[in-house]
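I opened a new page to jot down what I looked up in this one. Here are my notes, in the order I made them.

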Amino acid sequence: SGGDGDGGDITLTTMEKSICSRGRNAGSPSGGRKKGPKRLYGKKDKGSSDVGGPEVYQESTALEALIGYTYLTDEARCLELLEFLDGELDGMDDL
């Protein structure tokens, strides 16, 4: 199932999984250097949420890579993924 917020999963192709992996790795630290926005590693501002950080940045980067890839290569698949995400986000509103 997909897109209706019923908790169903969507299956990624092998290529889509590879794109996500490469997108996630694009923001990962290597050789002791920190990658990604400096704000991820700085001190928390007063009143800022503790949600986020490097892990969330990596997952977001992977999602951006996947959406960008499907938009350029298969717009119908891109729409399918976006509809799935929309349904999942709608389901989170009920929590």
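This is a predicted model: local features need pLDDT of at least 70, side-chain atom pairs count only at pLDDT 80 or more; totals for chains, interfaces and linings use all residues.

**Helix α3**

I started with α3 and found its buried residues: R77, C78, L81, F84 and G87. Buried here means under 20% relative accessible area, with exposed over 50% and partly exposed in between (1.4 Å probe, protein chains only). Then I looked up what covers them, and the cover includes α1 (14-25) and α2 (54-73).

Next I checked the length of α3, residues 75-93. Its 19 residues should span 27 Å at 1.5 Å a residue, and the end C-alpha atoms are 27 Å apart, so the two agree. The expected span is 1.5 Å times one less than the number of residues.

Residues are numbered from 1 along each chain as its sequence is written, and side-chain values use heavy atoms, leaving out hydrogens and water.

I noted a mean pLDDT (the predictor's confidence in each residue, from 0 to 100) of 79 for the chain, with 64% of residues at 70 or more. Over residues 1-5 the pLDDT is below 50, and this stretch has 12 contacts in the model beyond near neighbours in sequence. A contact means heavy atoms within 4.5 Å.

**Whole chain**

I found three helices and zero strands. Both are DSSP runs numbered from the N terminus: helices are H or I, at least four residues, and strands are E, at least two. Of the 95 residues, 21% count as buried.
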